[in-house]
2 protein chains.
Amino acid sequence: MERQREPWDARALLLLGALTVRSQHGYQINDFIERCRVTDLKKPTAYALLDRLVAAGHISVQTEQEGNRPIRKVYTLTASGQSLFDDLLRENLATPDTGTGSGDIGLMFLDYLPRAEAVAYLRRRLDQLDRALADTAVVPPHGGHLTVNVALEHQLALRRADRDWLAALVERFEAESADTTLTSPRPSSV
Amino acid sequence: MERQREPWDARALLLLGALTVRSQHGYQINDFIERCRVTDLKKPTAYALLDRLVAAGHISVQTEQEGNRPIRKVYTLTASGQSLFDDLLRENLATPDTGTGSGDIGLMFLDYLPRAEAVAYLRRRLDQLDRALADTAVVPPHGGHLTVNVALEHQLALRRADRDWLAALVERFEAESADTTLTSPRPSSV
DNA sequence: GTATGATTAGTCAAATGTGACTAATAAACT
DNA sequence: AGTTTATTAGTCACATTTGACTAATCATAC
């Protein structure tokens, strides 16, 4: 059981998420990725990943042809793929983005989980961020006004901003759910 | 002239920068990279890059042995390497970090440039950040309180934080140079 | 006296990622 | 009538990156 190859987790989440919206063919998927501007996944990488997901049974393929247009391969999520998506989403939400360059993909699919559950995962992420910050905040007692640590200060500032943004989001959601007693998922058109 | 392979630019800057401090052997370099915690460069990658830089004449190698210890390869910056370092540093400072996951390496070596010059480059970077933000800030007129755009909001928040931090840094430096008329570089021990 | 861990130096197979390319149809523009 | 752009679907060779491994010496701890 060698789960958790960090690098492709987020990418797989994105592809599965795209198919959660509706079945799509390759062109549409790549278009979706480009349009949503959250990550830098390139076409060949996407196809390779799709192949792997098909091989693993998380996605099924049908070919179709419209009029005289080129034949398309339409990719559809299987039950196994749906459940993988759910797992990856939960894990992604609960874990701080380890800055792999890819944007925070899990957030795109926040609406696919009951709000209360999503907030619970985000809160877990927030805890981890706080703990990490507490660890690093002890470091920089630099003498005088040397600038050696500027790079570290920068990192720290960004991590703090990340933390603060998340804290605000969680608060916002909790305030919302105080009003509304609605907790059913409401997927959105993309 | 196919310069500007973005991905390895920053890594090369880090290696050359490490050698700018002083000549070092492989273990020391890898140790330095790990210790400074700014990037995720792994050992084999570092060696591969070192080889390329040696082949390109930016670094020279001598072997030495201390007592009965294993033989070391000591890497030293050549004149060409020094000049490459300067170029890469200037470019890195003047260009916004395109979020390749690697932290902002240029900032580590801020002290190696005359302060006035460094500030000028940082200001250029700031301008680019501002322009990029102005472009994206028009996007999100989301109806009601849908959460589709949460991922984008997140990205935007982080970019704004990056921008604000940089603006503060530039201001700080400009205030400093109003006091001191010192503009000579003062490298720091690492 | 032995075991553990730091110092030192890498290598290699395997995974991963991408620039550049091909191919064909249709719509839109000139 | 000819050219460009969008739609559609990939592939392939190449560069890059890394997990896991080997090997040897010396210091420290148990």
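Colleague: What should the 22 residues of helix 5 of chain A span, at 1.5 Å a residue?

Modeller: They should span 32 Å, and the end C-alpha atoms are 32 Å apart, so the two agree. The helix covers residues 115-136. Bear in mind that this is a predicted model.

Colleague: Which residues of helix 5 of chain A are buried?

Modeller: Start with the general idea. An α-helix has 3.6 residues a turn, so residues three or four places apart point the same way. Now the case here. Arg115(A), Ala118(A), Val119(A), Leu122(A) and Arg125(A) are the buried ones. They cover an arc of only 120 degrees around the axis, which puts them on the same side of helix 5 of chain A.

Colleague: Which residues are exposed on the other side of helix 5 of chain A?

Modeller: Ala116(A), Asp127(A), Arg131(A), Ala134(A) and Asp135(A).

Colleague: How far apart are the end C-alpha atoms of helix 4 of chain A?

Modeller: They are 23 Å apart. The 16 residues, 79-94, should span 22 Å at 1.5 Å a residue, which agrees. Its buried residues are Gly81(A), Leu84(A), Phe85(A), Leu88(A), Leu89(A), Asn92(A) and Leu93(A). Seen down the axis, these fall within an arc of 155 degrees, so they line one face of helix 4. The face turned away from that buried side carries exposed Ala79(A) and Ser83(A).

Colleague: How many helices and strands does chain A have?

Modeller: Chain A has 6 helices and 3 strands. From the N terminus on, the order is α-β-α-α-β-β-α-α-α. Of its 190 residues, 25% count as buried.

Colleague: What share of the contacts in chain A with a separation of 6 or more comes from residues 24 or more positions apart?

Modeller: Such pairs account for 68%.

How values were computed. Residues numbered from 1 in each chain as written. Chains lettered and ligands numbered in written order. Predicted model: local features only at pLDDT ≥ 70, side-chain atom pairs only at ≥ 80, totals over all residues. Helix = DSSP H or I, 4+ residues; strand = E, 2+ residues; numbered from the N terminus. Expected span 1.5 Å × (residues − 1). Buried ≥ 20, exposed ≤ 12 C-beta atoms within 10 Å, placed from the backbone. Arc of directions from axis to C-beta. Contact = placed C-beta atoms within 7 Å.
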